[in-house]
Amino acid sequence: MMNLMQLLRQHCAALLILSLTSLALLGCKSLGTNDTVDYKTTGAVRGPNLSYPPDLITAQADRRYIVQDGSATMSEYNAAVKKSVQTRKSVMTGIPGMRIARDGERRWLVVEKPAPELYPQIKDFWQENGFLLVIDSPSTGIMETDWAENRAKVSQDFIRKALGSALDSIYDTGERDRYKTRLEVSGANQTEIFITQRGAIEKCVSDNSGACNYTIWESRPNDPELEAAFLARLMERLGMTQEMAKAQVAAPLGPKTPKAKLVQEGVNAAHIEIAAGFDRAWRDTGLALDRSNFTVEDRNRANGVYYVRYVNPKDLGDTKGFFSNLFSSKDDSSLKAKKYLVLVKSTGDNSSSIYVQDADGKPENTAAGLQLLTLLTEQMAR
């Protein structure tokens, strides 16, 4: 009997040592990178379209793996990654004339190549970085990722370093990001690429005793550094060395000089005046739309028109949450599924005006139109 007990003890000790050794190795593996962006290990690659409810409010549970309806599928993701690996050598030859352009705190990429040739490479780029696309529109040059968690923000304390990925699923940053990419044709064989980020943060809703009843997702401020990080990665994907890409993105930004102001012409009638020519006003308007809750469905640069949708019917449910702070009106039912035209007009070499119109091209002289212009002005002044 004693020999059997000793044998069991020795066996358990061996298992314990083996387990600790495995955990230590996992911990060492987790120390091998100092990257500040890592979405590949999140739920974005574990199922089809892992988005949150439209108002970013979820029940108490593991919120990373909630499946909603959408266009992205895991088979599409796997096929795209396989294709991009096969063709990566052919696209890594570099593109002459690729550079970072900047205006104040805004950065974007200028590439000497037609937009139709760049679009599939950029789509592969996002999928290689662990994202599913919920908007994929080659005809408009717009793509948008699903919500995903930046696992590089997980705290690397002693226990986390020791356990590594063994208990990875129980760590959560409480933050999510999604990215929109827009391609603009700016000249013959020249394309401007804009990347904008939107963030959400999970907050606790407490009762009178201070106990957390449930959590909600709320928007958090835009992070230009995340946008810059992905611009640098995209430059690498298109053939620039990592050192050159990081150097271009890290170049000092210009002074912060707000140029947009809201001009009211009546109770609800208003427009935005911006101290910039048409090209700059068009670009700033597009960035403001991308960083807001607008969905750009189409655009016509020749006529200076963005065709946008601001509120989807599913965005206004029993609990408004994420969107409720954007509108002061108690009755916003008229905003449901409404489409708008955002019109950019040149008024001089260094001046332009921006108007909001309804779907028929008539002035949107309503409280909703004024609120939309106010939101755009705030974004353009940042």
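Guide: A salt bridge is here a side-chain nitrogen of Lys or Arg within 4 Å of a carboxyl oxygen of Asp or Glu. Side chains of opposite charge can pair when their charged atoms come close. The model is a predicted one, in which local features need pLDDT of at least 70 and side-chain atom pairs count only at pLDDT 80 or more, while totals for chains, interfaces and linings use all residues. Residues are numbered from 1 along each chain as its sequence is written, and side-chain values use heavy atoms, with hydrogens and water left out.

The structure holds 19 salt bridges. One of them joins Lys-203 to Glu-218, with the closest N and O atoms 3.5 Å apart. This pair links distant parts of the chain, since Lys-203 lies in strand E6 (residues 190-206) and Glu-218 in strand E7 (residues 212-220), 15 residues apart. Strands (E, at least two residues) and helices (H or I, at least four) are DSSP runs, numbered from the N terminus. As to accessibility, buried means under 20% relative accessible area, exposed over 50%, and partly exposed in between, with a 1.4 Å probe and protein chains only. Lys-203 is partly exposed, at a relative accessible area of 41%, and Glu-218 is also partly exposed, at 26%.

A further set of charged residues forms a network: salt bridges link Arg-182, Glu-184, Asp-290 and Arg-299. Within this set, Arg-182 pairs with Glu-184, the closest N and O atoms being 2.8 Å apart. Arg-182 is buried, with a relative accessible area of 1%, and Glu-184 is buried at 5%. Glu-184 also forms a salt bridge with Arg-299, where the closest N and O atoms are 2.9 Å apart. Here too the pair links distant parts of the chain: Glu-184 belongs to strand E5 (residues 175-187) and Arg-299 to strand E10 (residues 295-300), 115 residues apart. Both Glu-184 and Arg-299 are buried.
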